[in-house]
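Visitor: I would like to go through this structure and ask what stands behind each label.
Guide: Go ahead; the structure comes first.

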Amino acid sequence: MELATQALNHYLDAFNTFEKSAGGPDWLRELRHAGFARFCETGFPTPHQEDWRFTNVSAIADTSFHLPAKNAALPSHKDLEPYRLPGAACQLVFVNGRFAPSLSLPGKLPEGVKATSLAAQIAENPQEIRGHLGRYLDIQRDPFCALNAAFLEDGAYVHVRRRTVAPEPIYLLFVSTGGSAPAMNHPRNLIVAEESSEVTVIENYVSLGSGVALSNTATELFAGDQAVVSHYMLESEDRHAFNISTLRIQQGRGANTASHSVLLGGALVRNNVHPVLAGEGGECLINGLYIGSGRQHLDNYMLVEHAAPRCASRQFYNGILDDSAHGVFHGRIVVHKDAQKTDAKQTNRNLLLSDNAQVDTKPQLEIYADDVKCTHGATIGQIEETALFYLRSRGIDEISARSMLLGAFAGECLDRMKEGPAKTLVETLIRGALVEVAHPAKVRARQTAS
Amino acid sequence: MSLLEIKNLHAKVGNHEILKGINLTLNAGEVHSIMGPNGSGKSTLAQVLARRETYEVTEGEILYNGEDLLAMKPEEAACEGVFLAFQYPVEIPGITNAYFLRSALNAMRKYRGEDEVDAMDFLPLMREKLKLLDMDERLMNRSVNESFSGGEKKRNEILQMSVLEPKLAILDETDSGLDIDALRIVAQGVNAMRSPDRAILVVTHYQRLLDYIVPDRVHVLVNGVVVRSGGPELALELEDKGYTTMETATSA
């Protein structure tokens, strides 16, 4: 208890300092206060809470994270080269949660499409975002969302005007530079796609340098009536990183959204995807892949709310876990009373590559309407020995055979992405992650161990 | 030198001994058949030859081209020319049949120090073999064996064999579950592979397939040992009298 109080005191100091320097109108200050007040009430979650049963965040609670200094040195353009995305309409770079205009590539956006930093938008025209910012994210349910609200200052703001199509994706690169002391950042992104617009937004989280860092990010995505929005969350940080992210989607009538989460990096990762299908006839695809090795902990928490009739949601998550990695899939579907003719589907498939790898998979259906179709299924298995032998008996060596089988399994996730720069990037990232888990040295170590 | 020499081969799964001293010699250019009742060890022998690690060899040796086959991994044996047509071909979702077969061919070409074949050059080769086996080209763009019919799966095995051109082909109950038309096509595909520098080992429970693929020698396997060997007429005798007489012969 004493420890918990100490931790909260630490955040109280951080908040007081932050609040003095952070700008913005009164309503924004109120949002921050409400967030911090809620966080003080709850503190960090514990595994005693149902939503956090499989994920222990005490490592985060016990670390004294501090906000990065405003004048910290930026990485160079050369440092960022490996993380650039060819084919993107524009590339916004955030270093430790703060927008870095000198590293960003504004590119050429079509008329009616805006991609800027949230801080700049707040300084220039906060009124434009008032109707959306903080409106969807649930700070009551999740202490990390409350904490994100408390430190709300910067992030990305994407706005797509009615009937406007952005053909190329908007790329948001979040760089943690680490350092000697543990650093935290709380980026908030706001994506507003007005009626009948179309846009793809990619968030990619990477590390430069080493050191303990916490990225506690939240994205509010509003998809207006008939809007088509794809969102990618790519976690490629190093093995010292803590990454907690929440994607909160609010979608209108006939809107069609897709959330693709690919968790490959990080030490402790929790990815919350929370779509609310609030307009009739909406569709939502929630597609995910997690590949863990070492002692990684990768938690996928889905809360899909059907709040209007005739909506369809599809969840497909595949996981590959090696060594002592721990994966979690928590898929909760809530069908509200009026959401008749709901069609919700959920599938979670896992491959465990070692005896110490672990996965917890938990479907949870809460249905308050009477005319709905909800299905769920989960599997946990190993690489099939018969399939491996079949490939090897045709001359394909063991490592290549394993890579082929793992690639096919991970490929199911790729098949659900549209062709384009985002998919190409994900393909490259997945290939890199699979080399790791199909590596010869590991196979040999496993054989001698058994 | 014989292509394959099996000497006093013993093998087991767990504590269960299945092969109890097999002796067999196979020369290039020959077709031999191994016949036997269920549980006699036919499939075990086929899988040991393809180097499946599930089976533990406890005694004896296998010389392939004069080399120790038991020291080879499955992929090495395959690259050296050993091919097993599976009794139960494996379904592999997410990998297309064409990609699988080209990967296999290229693995072997790489092993021999030859250039890899790209998708463009592979296509005509594949088409020629598909035609021979009366197979639909669309099967190549589907996942390996996934929702193939029984006959399509078996033909797919023979297709792989004809593309990979092994020195020693082992057909494990390739006839099971085939109707007479499919059986003829499969047999035709196998017969087209007969050549002076290739040996074929046909493992089967029934004599039916041997009407179409006529072997040079027939070996009868009962309870893990070869109880009789003879010419093709031995298969006919088995068809007539069944395995029972041979089983009593061993227990005597």
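**Labels and their grounds**

Guide: In this predicted model, 16 residues of chain A are in contact with 33 residues of chain B, contact being heavy atoms within 4.5 Å. Local features need pLDDT of at least 70 and side-chain atom pairs 80 or more, while totals for chains, interfaces and linings use all residues; side-chain values use heavy atoms, without hydrogens and water. Residues are numbered from 1 along each chain as its sequence is written, and chains are lettered from A in the order in which they are written.

Visitor: How much area do chain A and chain B bury between them?
Guide: About 1900 Å², 66% of it on carbon and sulfur atoms. Buried area is the accessible area (1.4 Å probe) that two parts lose on being put together, summed over both. On the chain A side, Phe389(A), Tyr390(A) and Arg394(A) lose the most, together 42% of what that side buries.

Visitor: What makes Glu157(B) and Arg394(A) a salt bridge?
Guide: The definition asks for a side-chain nitrogen of Lys or Arg within 4 Å of a carboxyl oxygen of Asp or Glu. Here N to O is 2.7 Å, so the pair qualifies. The count between chain A and chain B is 4 salt bridges.

Visitor: Why does Glu153(A) count as buried, and why does Arg98(A) count as partly exposed?
Guide: Buried means under 20% relative accessible area, exposed over 50%, partly exposed in between (1.4 Å probe, protein chains only). Glu153(A) is at 18% and therefore buried; Arg98(A), at 25%, is therefore partly exposed.

Visitor: Why does Glu111(A) count as exposed?
Guide: Its relative accessibility is 65%, so it counts as exposed. Its salt-bridge partner is Arg161(A), with the closest N and O atoms 3.5 Å apart. Arg161(A) is at 42% and so counts as partly exposed.

Visitor: How do you know that Glu235(A) has no salt bridge?
Guide: The nearest side chain of opposite charge, Arg239(A), is 8.4 Å away. Lys and Arg count as positive and Asp and Glu as negative; His and the chain ends are not counted.
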